[in-house]
Number of protein chains: 2
Amino acid sequence: MARNISDLNTPCFLVDFDKVRENCQRMVKTCIDFGVKLRPHTKTHKTVEAAVLQTDGTKRCITVSTLAEAEFYAENGFDDILVARPVSEDKIHRYLALVQKLEKLHIMVSGSDGLTTLENHIPDLPEDKVWSVVLELDAGYGRTGFSCDDPEVILEAAKKVQQSPKMRLEKLYYHCGNSYHVNTEPEREKLQADHIKKVAKVQDRLSQAGVTCSSGVGSTPTCSKPIKDNLFFTEFHPGNYVFYDYQQYLLNSCAESSIACRVMTRVIAHKPEKNMILVDCGFTALSHDGKYQRLPDNDFCIIQGESNLRLIDMSQEIGKIVAKEGDLNYKLYPVGTVLFILPFHSCATSQQHAVYYVHRGNEVITTWKPVKGW
Amino acid sequence: MARNISDLNTPCFLVDFDKVRENCQRMVKTCIDFGVKLRPHTKTHKTVEAAVLQTDGTKRCITVSTLAEAEFYAENGFDDILVARPVSEDKIHRYLALVQKLEKLHIMVSGSDGLTTLENHIPDLPEDKVWSVVLELDAGYGRTGFSCDDPEVILEAAKKVQQSPKMRLEKLYYHCGNSYHVNTEPEREKLQADHIKKVAKVQDRLSQAGVTCSSGVGSTPTCSKPIKDNLFFTEFHPGNYVFYDYQQYLLNSCAESSIACRVMTRVIAHKPEKNMILVDCGFTALSHDGKYQRLPDNDFCIIQGESNLRLIDMSQEIGKIVAKEGDLNYKLYPVGTVLFILPFHSCATSQQHAVYYVHRGNEVITTWKPVKGW
């Protein structure tokens, strides 16, 4: 196996083992320091190996984004799994199989219909099992979840769970997805504080009515730089931090040096009449994510160590790179030159690859294979 | 195997067998009518089964976009394969293996460095083999290829090929990629005519110097609606037409009813406070392609049969759908409702899937598995 990354076919997805481990250990420590439980999200990488690092070797207490992930981790000896997607009738047979298999499966309910689905399938539960319910809150992100603006609806759902002998209220879950849409630390802190206030208000309302439960919060920006008020939460469930990316760097979640994944590509042609070089990395290897966002300097990725180069466009298998200033010095980039692209959104880029090449320094030490599908 | 598409897990990629076959047969007929050879591109689907339909069962004479595709088709009994990417030193060992295996392998040279690579590896060729060279021209698209504005450079390359006993000039290749960037038929016809003139000029120059060769042209918009001047070419190499998509429909390449692939998704939640429904199709199932283009009515896909619905955004596993006008009638879309999305760019969407569900009417008749990687 041992070979140099320069021997790899391009394009390919490189994972820096030491950086991943460091990112994982840092988050473990952050959670210890804050006294919260870490239930890391696996959606960014979808591999056994990175999830082992995230859970500090325990293989316990994870969050997943698809049932395919849940089944994959269950098969690979993981347990205490939260499926962080709204439960739905069409997939209920798969939840039931997972309930059988796992010691702890937590199911996310994001609206009253989800609760109805679980209630309807109580007769299908094994005798020694209950539905462990996580109620998803929407504190302003505006995607899935019960709106925090309507605590009575949430209370009603929570009561229904608590009153059923075959359901158990595990906790409230809240994803701070709009932390991706603010750029400065003070703005992010204000957003976090606002959201925490909203979730706390819901929790208070539940508590007044005799329903006690804790709350967890996700999103890599908020968990990478938690504020004091985060102590309100008992659980963090970030995911992207395993790899980080250019987006997280722009959001101040990480240093550029913590970005642990890259797409390796090679120069395949010169285009002097366009002041351009072409590389073998198209959208099938990088994804379009970030390309059309209004990013500083119109960059949607970092070409490592090449601050004057900009990827301006991609077709299916080809990327176009120009000089930001002046003429391209073609002597610096002969055909065959290897370049490393730090992606805008590692969750989107990793999904484009069936295999990750894991390296320490320049040595490829192993490969990781993510689970695919839904 | 036989089951109804409504039993499938969502999201999933559906392929309508009869439409694919019809699209393939129509292109076969177009090429017969025009008296040109069809060398279909397989990059849109990357499956054995669709390539069999494209080649009318012969498994001969195809174009591929990656070496992984070339190897996949070679293993599956296809031959006469053009690898339509610039040849490069780092992948030369794979070309050499393919030369051994195939009766006919055609290699694309897009610049003088590519020719140098082939020359350097002439000693590695089997005794009974030569490099079959296809020179790529850039007639204005501005990506890879020798610029048509500099015919002397092309002539020099062509002569070098012709003079070598171990190289053979197969033809000139030209991809009319910018036909995707014009919206009206007259504009497209003008673009085609301009490009044809440029390629013809190059061919004339070569011919004057004693180098005779033919030319082929690609791109689904130009090959779906070829103009009389296309008779200049002896070969067509379109690809997208197998599936077509919303983009091709906007370009007038096809009717909406010819779009042969869809992403099937289900409503997973209601969001009345946002006048929104959420579906289980995120960017991992659809890709971001088209999302940020300035498209009519800001649609970047068609939600089949639902002209008042618009997909406005996607996160990793979730899509957000709103009503274009008025309030969403939630009674029409209870949680669990199945919706079918016709993608903007089928080449990008198909790449997100490891398996295609092939159906006739509502019956799933088989699955197709595309080759992945590079």
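Q: Which residue of chain B meets the side chain of K91(A) in a salt bridge?
A: This is a predicted model, in which local features need pLDDT of at least 70, side-chain atom pairs count only at pLDDT 80 or more, and totals for chains, interfaces and linings use all residues. A salt bridge is a side-chain nitrogen of Lys or Arg within 4 Å of a carboxyl oxygen of Asp or Glu. For K91(A) the distance, N to O, is 3.0 Å. The partner is D280(B).

Q: How many salt bridges does the rule find across the interface of chain B and chain A?
A: The contact (heavy atoms within 4.5 Å) takes 49 residues from chain B and 49 residues from chain A. Across this interface, the number of salt bridges found by the rule is eight.

Q: Which residues of chain B lose the most area to chain A?
A: The two chains bury about 4,100 Å² between them, 54% of it on carbon and sulfur atoms. Buried area is the accessible area (1.4 Å probe) that two parts lose on being put together, summed over both. Three residues together give 17% of what the side of chain B buries. They are R143(B), Q316(B) and W374(B).

Q: Does T47(A) count as buried or exposed?
A: Buried means under 20% relative accessible area and exposed over 50%, with partly exposed in between (1.4 Å probe, protein chains only). Among the residues that T47(A) touches, not counting residues up to four places away in sequence, are F72(A) and W368(A). Side-chain values use heavy atoms, with hydrogens and water left out. Because its relative accessibility is 0%, T47(A) counts as buried.

Notes. Residues numbered from 1 in each chain as written. Chains lettered and ligands numbered in written order.
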